Protein chains: 2
Amino acid sequence: MVKVKTRHIPIFIELLLLGAKETYIQVSTTSLANKIDKSQQAASRHLLELEDIGYIKRKRSGGKHSIKITEEGNAVIMDLYLLLQRVIEGKKPVFEMNGEVFSGLGEGAYYMSMNGYRRQFVKHIGFDPYPGTLNLKLETSADRQQRRFLDTQSNIHIDGFEDGQRTYGWAKCYLAKINNKLDGAIIILERAHYDHSVIEVIAPINIRERLKLKDGDKLSITVNTMKNQ
Amino acid sequence: MVKVKTRHIPIFIELLLLGAKETYIQVSTTSLANKIDKSQQAASRHLLELEDIGYIKRKRSGGKHSIKITEEGNAVIMDLYLLLQRVIEGKKPVFEMNGEVFSGLGEGAYYMSMNGYRRQFVKHIGFDPYPGTLNLKLETSADRQQRRFLDTQSNIHIDGFEDGQRTYGWAKCYLAKINNKLDGAIIILERAHYDHSVIEVIAPINIRERLKLKDGDKLSITVNTMKNQ
DNA sequence: ATTACTATGTACCGAGTAG
DNA sequence: TCTACTCGGTACATAGTAA
């Protein structure tokens, strides 16, 4: 369902129109009220509510307030937009994220080579991953927003397991295209699923070698979130 | 502003999800209520309201109701969608309409050649139109919806005038591309502006000849509704 | 000028229930 | 079963006003 309260939609739209998507804009409750055709008090309360939930941020300088929509706020409105896109245009939401390659701790190779995971990869995503993950740092808030939105989309679930010594958490995957040509998948591990500024990518081959990547190189990842329709 | 009442948005989305965009679907108020997380009574009332405004149509067969969204209903939700598209993606709404060429009464040539109009065309749309309009019949409801939505968009206004004998109504124009290559404009005349199944196209040249068109041929018209931003 | 409090009104919702 | 009425409660809005 729609995460944003319907009564907040008009004020969200006006804020976006004023450019509050990523920068602070200066607007009075009275002027906002006129735009959404409600009273100043209503606008004021809406802003307080949105601030409370964490969908907008405000800072006062002098008497006036500046307003910016937070990443969470942008995410919920994006959510609504994509839902409408789906029902109106029948389009699959396709996400493109751009990030910078960086070196992790090398633990990806360790996890990817474990049979408990590998078996499931072969079964559910159709390939046996090269032992190692490619780490991408998402630099822009738009990219992190896409990443965050991924969480709301259907995914391929990989169960956790234990080997007597310790337990290994679950993971979830999204099939993806790397630089619009290589097939692979985004993998989100339980232990790190709350970090929206990083994605880990796996593929049947060594992506780093194949694309001759070094740290700091840009890479694009395209995710098709819906399997059909 | 948003023409659809915000409290109706969730039910609109559910109806679209169920495919009520162009066909009747069978759904109970109870099941709709569950989907939008409201009571059966609320769902019932919403449907009555939407029916009242003319955004949905219902027909009862036996005890049950079938629901379809009307063209007006589709237009308002499209409106919201495009507004979101604009504020989120910063995209210009571009409309493509497809229609079939047909012969009118030939009166287009008469109007287009009048100096009272020609002067304004040259000044406001930048060309002296070939004396004659090309009539397009919009066959699908999607196309008619686009046409209807045009009315809500900013346009080039052409004043009416009188020549002592009779008065000539106003017109409005939208710059357009014909088959994605020829420059021209859609012209909507006051006397016919309520007919959403037809559009008239003008251009500096004879479109019919240039594209070797005959009645029944398909033509696409692309309109850029916003001049900038 | 601001924003946001309190008090009062209205619109919207759900419970109960009829047709 | 279904839809949709009445009615009483709640959520949301505005008026008035303080800071």
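A residue is taken to be near a molecule or strand if one of its heavy atoms lies within 4 Å of it. This is a predicted model, in which local features need pLDDT of at least 70 and side-chain atom pairs count only at pLDDT 80 or more, while totals for chains, interfaces and linings use all residues. Residues are numbered from 1 along each chain as its sequence is written, and side-chain values use heavy atoms, with hydrogens and water left out.

Around DNA strand D there are 16 residues, of which Arg7(A), Ser39(A), Arg45(A), Thr29(B) and Gln40(B) come nearest. By class, this surface divides into 3 nonpolar, 9 polar and 4 charged residues, where Asp, Glu, Lys and Arg count as charged, Ala, Val, Leu, Ile, Met, Phe, Trp, Tyr, Cys and Pro as nonpolar, and the others, Gly among them, as polar.

Gln40(B), by contrast, has a side-chain N or O atom 2.7 Å from a base nitrogen of DNA strand D.

As for the two protein chains, a rotation of 179° with 0.1 Å of shift along its axis superposes chain A on chain B with an RMSD of 0.2 Å, the superposition being by least squares on the C-alpha atoms of residues with pLDDT of at least 70 in both. That is the relation of a two-fold axis.

Conventions: Chains are lettered from A and ligands numbered from 1 in the order in which they are written. A polar contact is a pair of N or O atoms within 3.5 Å; within protein, one must be able to donate a hydrogen and the other to accept it, and residues adjacent in sequence count only if both atoms are side-chain atoms.
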